[in-house]
Amino acid sequence: MVKCFGHFDVYWHGEPVIFQRRQSKEILAYLIDREGAACTPGEIALALWQDGGDTKAEQNRIRVIINDLKNTLKSIGMEQVLIREHREIAIRRDLVDCDYYRLLEGDMEAINEFRGQYMAEYSWAEMRNKSLHRDNDVGAE
């Protein structure tokens, strides 16, 4: 279960998933936000940290973080959620129970759960938050 409304959280069998690195959790949040669209590590670094991953050190850092994400998902038996092909990474949207995805599908419960905040801790999510406000006529609280 992935919760995007308010703060981003991930649960497995009702318990929060613990990420070894906060950046791993943020990459997962970004991939969820992208709704299954494939991203390169450089795109992810630029979107999340305003750093395009141009140097070998930056590329290695991103690779380590993505591997940490993969290992975290593997530890709960959900490594198949990630798709890694041709130096790109994405998620399998159909394997994720997510409040945001349910809202996009018109699920009334999810629509009612949205209280005006989407992944509040991530500045890169602000544009999506604004579009959700506009599309769902939600006032800021």
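**Helix packing and aromatic pairs**

Trp124 counts as buried in this predicted model, at 15% relative accessibility.

User: Happy to start with the rings: which residue forms an edge-to-face aromatic pair with Trp124?

Analyst: Good place to begin! The two ring centres are 5.3 Å apart, with 85 degrees between the planes. Planes over 60 degrees apart count as edge-to-face, and the partner of Trp124 here is Tyr30.

User: Which residues do ring pairs link into a cluster?

Analyst: By the ring-centre rule, the count of aromatic pairs comes to six. Ring pairs join Tyr30 and Trp124 with two further names, giving a cluster of Phe8, Tyr30, Tyr122 and Trp124.

User: Are H1 and H3 roughly parallel or roughly perpendicular to each other?

Analyst: Helix H1 (residues 22–33) and helix H3 (residues 56–75) pack with axes 8 Å apart, at an angle of about 80 degrees. The contact includes Ile27 and Leu31 of H1 and Ile66 and Leu69 of H3. By class, this contact has six nonpolar, two polar and one charged residues. Angles of 65 to 115 degrees count as roughly perpendicular, so H1 and H3 are roughly perpendicular.

User: And which ring does the charged end of Arg93 sit over?

Analyst: Elsewhere, Arg61 lies over the face of Trp49, 4.7 Å from the ring centre. For Arg93, the charged end is 4.4 Å from the centre of the ring of Tyr101.

How values were computed
Residues are numbered from 1 along each chain as its sequence is written. This is a predicted model: local features need pLDDT of at least 70, side-chain atom pairs count only at pLDDT 80 or more; totals for chains, interfaces and linings use all residues. Side-chain values use heavy atoms; hydrogens and water are left out. Axes are lines fitted to C-alpha atoms, for helices over the stretch in contact, and angles run from 0 to 180 degrees between N-to-C directions. Helices (H or I, at least four residues) and strands (E, at least two) are DSSP runs, numbered from the N terminus. Angles under 35 degrees count as roughly parallel, over 145 as roughly antiparallel, 65 to 115 as roughly perpendicular and the rest as oblique. Contact means heavy atoms within 4.5 Å. Ala, Val, Leu, Ile, Met, Phe, Trp, Tyr, Cys and Pro count as nonpolar, Asp, Glu, Lys and Arg as charged, and the others, Gly among them, as polar. Rings of Phe, Tyr and Trp (its six-membered ring) pair if their centres lie within 6.5 Å; planes under 30 degrees apart count as stacked, over 60 as edge-to-face and the rest as tilted. Buried means under 20% relative accessible area, exposed over 50%, partly exposed in between (1.4 Å probe, protein chains only). A charge sits over a ring if NZ of Lys or CZ of Arg is within 6 Å of the ring centre and within 35 degrees of the ring normal.
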